[in-house]
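Here are a few quick notes to read alongside the model. They cover the inside space and the aromatic contacts.

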Amino acid sequence: MSSLLHMRSLSRLSFDALLNFKPNSINQVKQLHAHFITNAITSPSLLAKLIHHYCAFSSPSPHYYAYAYTFFLHLPSPNIFLLNTLIKCLPPRSSILVFADWVSRESLVFDDFTYIFALGACARSPPSLWEGKQIHTRTLKQGVWSNVLVQTTAIHFYANNKEAGLARLVFDEMPERSSVTWSAMIAGYCSQKGRAVCYARDALVLFRAMLVDNCGVKPSSTTMVCVLSAASQLGVLETGVCVHGYIEKTLLAPESDVFLGTGLVDMYSKCGCLGSALCIFGRMRERNVLTWTAMTTGLARHGRGKEALGLLDEMVAAAAADGVKPNAVTFTGLFSACCHAGLVKEGLQLFHTMQSSKFRVMPRMQHYGCIVDLLGRAGHLKEAYEFIKRMPVQPDSILWRSLLSACKVHGDVAMGEEVGKLLLQLQPQQSFADFVAASEDFIALSNVYASAERWEDAETVREAMKMKGIETKPGCSSVQTIGESFSMN
């Protein structure tokens with residue numbers, strides 16, 4: 001398409017057929033655009049496809065967003081269909097800016113899809129709570145709030161912006177709910193990082209309410225994937241088995257659906273039933289990178305490091321047929337497996353292999369952290385310290401905490417003191433999360449001193465905590481009985 005021959009023959013081809021091919025560069029999109037101009041193409045569906053091609057190159061290079069928007073602005077008669085296409089296809093932050101721009105212009109009347117795509121952009125680019133609330137308000141004023149899809153998108157938006165309470169308020173006030181609505185609320189609970197166990201329990205309670213609801217809406221496979229995620233976070237095997245049984249009876253065999261199968265592998269491994277996870281994994285007809293990663297992480301969690309590394313070899317062998325390759329998360333699970341099994345040599349070799357031409361996965365902070373943990377657990381404290389110093393990126397506090405913990409375990413007080421003091425100076429305490437982290441750092445340094453029977457130094461650290469008003473974060477224990485689980489501080 002980029003050659004002159006292609007340029008000359010373009011007029012003899014169907015524009016619709018040509019636009020179905022994916023351009024390889026922004027220059028090819030510009031060539032298509034030029035022929036749109038010279039051939040006076042005004043079909044909305046064809047213009048929408050050209051907008052889509054422009055937007056496809058907006059993510060890696062944000063300034064390409066200007067091409068798509070400039071193209072839209074210079075259309076002889078921009079309409080709401082093309083504006084919706086632009087908002088839908090642009091990167092989320094750009095979509096919000098375009099929506100805000102056309103709110104101020106007041107030259108087009110928005111329809112339901114405009115608000116759905118704008119709210120969806122806010123959901124995909126947290127934090128964007130303020131912008132999403134403004135859009136929510138406009139849906140009420142413009143009379144489109146009654147649309148189930150608008151309300152469902154609002155649930156997704158609030159949940160992604162850590163406002164599960166507001167999401168639930170929208171859900172409770174809906175007179176009509178679809179299966180997608182129930183799935184959005186259950187998934188919203190499962191996506192909350194803080195108080196994850198409490199929200200997972202809320203998700204399962206909501207699922208039970210869905211089953212007994214009189215509206216006749218049945219859970220879909222998407223709903224069940226969310227429910228499996230909630231069961232995984234709770235770690236209660238009996239609940240997970242019941243969910244598995246419901247899937248088998250009402251939907252389909254889990255091995256026929258890659259997402260359900262992956263959810264079951266993850267749930268069983270997190271609930272301590274690795275045999276069932278391996279059984280499901282072995283029966284699955286299709287596996288994606290999430291499936292392999294879930295199984296690898298499950299083996300790592302149970303200390304079966306060599307089997308996890310063997311799974312990587314199977315994945316590489318299967319890649320020739322299914323094209324699935326390990327990603328950064330897969331390698332995190334493999335490094336974790338090496339840590340739990342004490343496979344220092346294998347872990348270091350894997351760290352170098354992941355960057356090779358075979359995988360081309362660049363190390364991230366969590367990978368560096370796994371190597372520090374691997375070396376620290378094996379007692380190679382000096383090597384871990386030197387590894388951190390040689391990192392091409394600035395190490396975060398988690399890496400230093402990992403090394404400090406290893407210093408305490410192996411009784412290296414000198415290095416522990418150095419690392420502990422470095423941690424205390426690393427960042428100021430500004431938020432509640434910072435105070436919790438600082439509390440852990442003070443206690444870890446105090447424990448290093450206590451393990452060496454340097455009681456005066458340990459007391460000095462504790463006094464410094466009191467002076468700064470930093471309190472110890474209370475621990476929590478969970479006891480599971482038949483049908484119930486109790487947490488105690």
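1. A cavity here is a set of points on a 1 Å grid over the protein atoms alone where a 1.4 Å probe fits but cannot get out, and lining residues have an atom within 4 Å of a point. Keep in mind that this is a predicted model, with local features needing pLDDT of at least 70 and side-chain atom pairs pLDDT 80 or more, while totals for chains, interfaces and linings use all residues. Residues are numbered from 1 along each chain as its sequence is written, and side-chain values use heavy atoms, without hydrogens or water.

2. The lining of the largest cavity is made up of Trp-292, Thr-296, Ala-308, Leu-311, Leu-312, Met-315, Thr-330 and Leu-334. Helices H18 (289-301), H19 (305-322) and H20 (328-341) each give two or more residues to it; helices are DSSP runs (H or I, at least four residues), numbered from the N terminus. H19 brings the largest share, four residues.

3. Trp-292 also pairs with Phe-281, edge-to-face, at 5.3 Å centre to centre and 80° between the planes (ring centres within 6.5 Å make a pair, and planes over 60 degrees apart make it edge-to-face). Phe-281 sits in helix H17 (residues 274-283) and Trp-292 in H18, so the pair ties together parts 11 residues apart in sequence. Trp-292 is buried at 2% relative accessible area (buried means under 20%, with a 1.4 Å probe and protein chains only), and Phe-281 counts as buried at 5%.

4. Elsewhere, Phe-335, Phe-351, Tyr-368 and Phe-387 form one aromatic cluster.

Key
1 Å grid on protein atoms, 1.4 Å probe; cavity = no way out; pocket = protein on both sides within 12 Å on 5 of 7 lines; lining within 4 Å. Phe/Tyr/Trp six-rings, centres within 6.5 Å; stacked < 30°, edge-to-face > 60°. Buried < 20%, exposed > 50% of the residue type's maximum accessible area, 1.4 Å probe, protein only.
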